[in-house]
Each structure stands twice: as structure tokens, then as C-alpha cells.
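Visitor: I am new to this structure. Please show it to me, and then I will ask about it.

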Amino acid sequence: MMKFEKLNKIFTIQKGKKNNLVENPENDSTRVIQIDDLRNDNFIKYTNDNKGLLVDEDDILIAWDGVNVGTIGYGKKGYLGSTLAQLKIINSNKYHSTYLGLFLKIKSDYFKKNSTGATIPHIHRKSLESLLIPIPENLTDQIRIAEVLTKVETLIQKRKESIDLLDDFLRSTFLDM
């Protein structure tokens, strides 16, 4: 059976802070998570600051403002940058973070449409907090759904990569002719 919960009953919401970045990280340096890190880990940045909002892998991260408003990430650990916000699960025995992260990913258009600001869009907090999330009552169902959807996401990504490789092959074959 499925029930619906408002987002603010599932998460606490907290904005990130600006950190001083270091060019040469040391052993005690900590990762700084910025907007680009929600998509990939190609350019990891670090800080030696010990202040800011420290997030862990179970937190959902959302781009709070800027052109990428509403972009969702999860599975990251470090200090959260100033354009992002942390959605921290209130009761981890009741909710599965990957399930929630996958659901929120599909709501990016909703976040963009409901953002505020003429030049720089910002998440509209009330729209975020009032978003209804479908929750299977059984935690194991949430885990199973998340596992299936994660496998599907991985297959889609691999398919996109293979199509790109085929396009490159076609171009190079055409140029050889």
C-alpha cells in the first residue's frame, strides 16, 4: 500500500555555506560539494575549513539557486557549497534515502517551474516543503524499488555511452572514406 507524505514531514532542510577551497589537498582536507558534483565526480574540490554544513551519503542534496535549480544528488559526503541545500531524513528507519533521491530527481521540472527570482532562480521553500511524496509503507519495498530504478539508470547511462561511441565510429569511418 502507498501513502503520501509532505516533504517537510520527511526531511529537515538546511542551506550550505561558502568554503575556502585549497589547490593542494592534505590528508585532513575535506571534500566540498558544489553544483557540478551533483552530476559527476570529475572535478572534486577540497577545503581545510572545519566550519560549514557537513553532509553524508544518506542526505539528499538539491541545487537551491542558479540556472540548475532543482538538480538532485545523493550519495556524497563533505561540506555543502552555498548554492546547495541538504535534505536530511528525520527518521531513517522509515525512509530509504536512495528511493527518496530517485523520486526527487524526477521532480526537477516541478522545482524549476515553482522557483522564484527574476534573474537568478531560487527554490520556493513552500513548494518544496509541501511536495507530496509517494511512500510505500514497507521499507523493504522502498529499497527494492530503489535497486531496480538504479539498475535502470545505469543501463540507460551505458546505452547513451555506447551510442556516443557508435557516433564517433561512424564519423571516423566516414572521414576515412
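Visitor: In which sense do strand β7 and strand β10 pair?

Guide: This is a predicted model, where local features need pLDDT of at least 70, side-chain atom pairs count only at pLDDT 80 or more, and totals for chains, interfaces and linings use all residues. Residues are numbered from 1 along each chain as its sequence is written, and side-chain values use heavy atoms, with hydrogens and water left out. Strands are DSSP runs of E with at least two residues, numbered from the N terminus, and two of them pair if DSSP finds at least two bridges between them. Strand β7 (residues 60-63) and strand β10 (residues 84-89) are joined over 4 bridges, and the sense is antiparallel.

Visitor: Which residue of β8 is the bridge partner of Ile-62?

Guide: β7 and β8 run antiparallel and are joined by 3 bridges. On the β10 side, Ile-62 has Ala-85 as its bridge partner. In β8, the partner is Ile-72.

Visitor: Which strands stand at the edges of the sheet?

Guide: The open sheet has 4 strands in the order β2-β10-β7-β8, with antiparallel pairing. Two of them each have a single partner strand, so one side of each is left without a neighbour in the sheet; these are β2 (11-15) and β8 (72-74).
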